[in-house]
Amino acid sequence: MSELRIAVPRGTLLFETLELLDRIGIDTREVRENERKLLFEDSGIVTMRPSDVPTYVEAGAAELGVTGRDVLMEQPEREVYELVDLGYGHCRMVLATAAGEDLAAEALRRLGVVRIATKYPRVAARYFLQTGRQAEIVEVKGSVELAPLTGLAEGIVDLTATGTTLRENGLVIREEIAVCTARLIANPVAHKLKAAAIDRLLERLDAV
Amino acid sequence: MSASHRADEPAPAVDRIPSGTRDVLPDEMRELRAMTDRVREVFERHGYGEVYTPALEYEGTFARAAGPGGDVPWPGQSTAWRRPASAWPGARPAYRMFDEQGNVLVLRSDMTIPIARLVATRYPQAEPPLRFSYLAHAYRGVRPQRGQSREFLQAGVELIGAPAPGGTAEALNVLCAALGAAGLRTYRVGLGDASLYPALLEAVGAPIERRERILSELVEGNFVGLEGEIAELQLPDKDAELLLRVPRIRGGPEVLEGLSGALGDAVGGMRDVHALLAPEVAERIIFDLGLVRSLGYYTGAVFQVYDPAYGVPIGGGGRYDELLRSFGRHLPAVGFALHVERLHIALTGEERGRGPRIPR
């Protein structure tokens with residue numbers, strides 16, 4: 001049985017995370033064979049939504065976790081250590097609006113406030129604050145591309161890997177906010193009390 | 001049917017309590033009280049008389065401390081609340097109000113600053129060392145969750161006028177005696193030095209204006225961000241490697257072996273403290289070269305209490321050799337505070353194994 005419990009994100013980061021764990025000697029076959037099972041005791045893996053990973057790690061319910069930088073940016077108050085940039089899951093957090101005339105810029109000029117739809121309300125609010133522009137943030141839970149097409153908002157703040165979905169919906173990237181990759185995070189207490197086990201894992205990561 | 005029972009009427013209002021506060025009922029209170037009684041008995045036995053200070057203090061008391069690079073008190077106290085959190089000597093007070101004369105009052109965000117004030121005003125001539133303990137609530141604007149209340153009970157001591165390493169060792173001995181009396185069995189104490197990393201930054205010639213950002217990455221435990229900041233300094237490889245390696249060094253006395261040069265000097269203070277500890281305390285120590293506590297008044301040794309049964313620190317403390325000076329009595333000092341609610345959570349966790357987790 002594993003000494004460390006690792007929170008692994010289901011979704012787009014899952015495959016590469018399992019590949020990485022395989023390479024450092026953690027057996028992930030059981031995870032690949034079970035779509036519904038959540039807790040894998042032999043390997044120490046627990047699977048969950050990426051945005052739940054910091055919650056489990058902060059509470060110490062998992063010693064380590066893998067999640068995107070976008071998730072960590074949206075939950076900046078989580079008390080977790082960010083140990084390693086794993087490099088994969090490369091995405092960009094962008095501001096996008098409908099192609100053609102930039103309606104967001106027009107709204108800012110003529111109305112003083114731009115409406116931005118996003119699944120990342122805190123990232124978006126912080127970005128507009130830091131760039132000195134007033135924004136009304138509209139939180140949506142899915143298919144954020146719909147918002148500018150229907151007039152819900154003038155622009156969106158969202159994560160994009162290739163830009164294909166944005167293009168297919170007639171949106172263009174106007175600004176890049178951040179580059180996001182997968183990160184290895186740790187519970188601060190476990191980082192001290194299980195230092196040897198965590199450092200061994202980090203060494204194996206360095207080696208691959 | 002009377003109007004008050006109609007189904008479409010809103011449910012009767014429940015009187016809420018402010019976010020981050022909670023009620024304590026008799027079963028829990030009995031356990032808390034038994035635990036704090038045992039802790040207080042340890043403090044008294046070691047000569048730390050209990051004090052109580054007002055929950056309300058003038059904002060100026062908490063805003064008062066040397067500014068960066070000088071001992072001039074911060075000007076413009078009426079705008080003190082605008083300062084970034086890092087510019088406060090202690091935790092930034094979250095609750096402020098006016099009294100009938102228009103003075104700004106704050107609910108204390110810790111007990112160390114009120115006791116520093118108390119020492120300077122009530123004991124201006126007393127021969128040090130002075131020993132005080134407290135069991136009192138403090139108030140901070142934290143994100144409420146289990147073990148993270150905005151009103152929280154602290155049990156702690158302050159040892160005023162006892163320099164390192166002797167004073168630090170005494171505080172650690174009392175800390176472990178208190179944790180033992182509380183009933184904790186598997187805890188460890190991380191020991192670091194707040195001056196260590198700044199000294200390294202100085203030694204490698206990191207520009208002063210970059211140091212604050214580097215230290216704040218360290219406080220947040222962002223090793224990825226730390227790596228980025230260090231890369232931007234464009235230091236020789238061996239210096240960059242040193243700055244990256246040091247915060248990751250943690251473990252038993254063996255991790256201090258073979259450290260030389262600037263780093264060897266910097267850990268000398270930790271070695272001295274360790275040598276003075278009672279054996280049962282020394283074996284609890286984890287040397288942690290990356291330990292930086294976020295409170296600005298720490299100047300030397302810093303420590304933090306961990307328990308495998310709980311994912312967040314239970315308490316901590318350190319040396320604050322300059323804080324008393326801003327109150328007019330320049331005495332070296334050290335202290336710690338235990339977070340009573342977290343201590344209780346950890347104790348319960350130890351009793352039931354790894355809590356709700358599947359036993360391993």
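I looked up the face of α1(B) turned away from its buried side and found the exposed residues B:P26, B:M29, B:R30, B:R33, B:A34, B:D37, B:E44 and B:R45. I count a residue as exposed if 12 or fewer other C-beta atoms, placed from the backbone, lie within 10 Å of its own, as buried if 20 or more do, and as partly exposed in between.

I note that the model is predicted, that local features need pLDDT of at least 70 and side-chain atom pairs pLDDT 80 or more, and that totals for chains, interfaces and linings use all residues. Residues are numbered from 1 along each chain as its sequence is written, and chains are lettered from A in the order in which they are written.

I took helices (DSSP H or I, at least four residues) and strands (E, at least two) as runs numbered from the N terminus. Helix α1(B) covers residues 26-45 and reaches 28 Å from first to last C-alpha, close to the 28 Å expected (1.5 Å times one less than its number of residues).

I then listed the buried residues of α1(B): B:M35, B:V39, B:V42 and B:F43. They line one face of the helix, because they fall within an arc of 100 degrees seen down its axis (directions from the axis to the C-beta atoms). Their cover includes β1, β5, β6, α4 and α12 of chain B. Just after the helix, B:G47 has a positive phi of about 90 degrees.

Finally, I checked the contact (C-beta atoms, placed from the backbone, within 7 Å): 21 residues come from chain B and 21 residues from chain A. The largest share of the chain B side, 4 residues, comes from β11(B).

Terms used: Contact = placed C-beta atoms within 7 Å.
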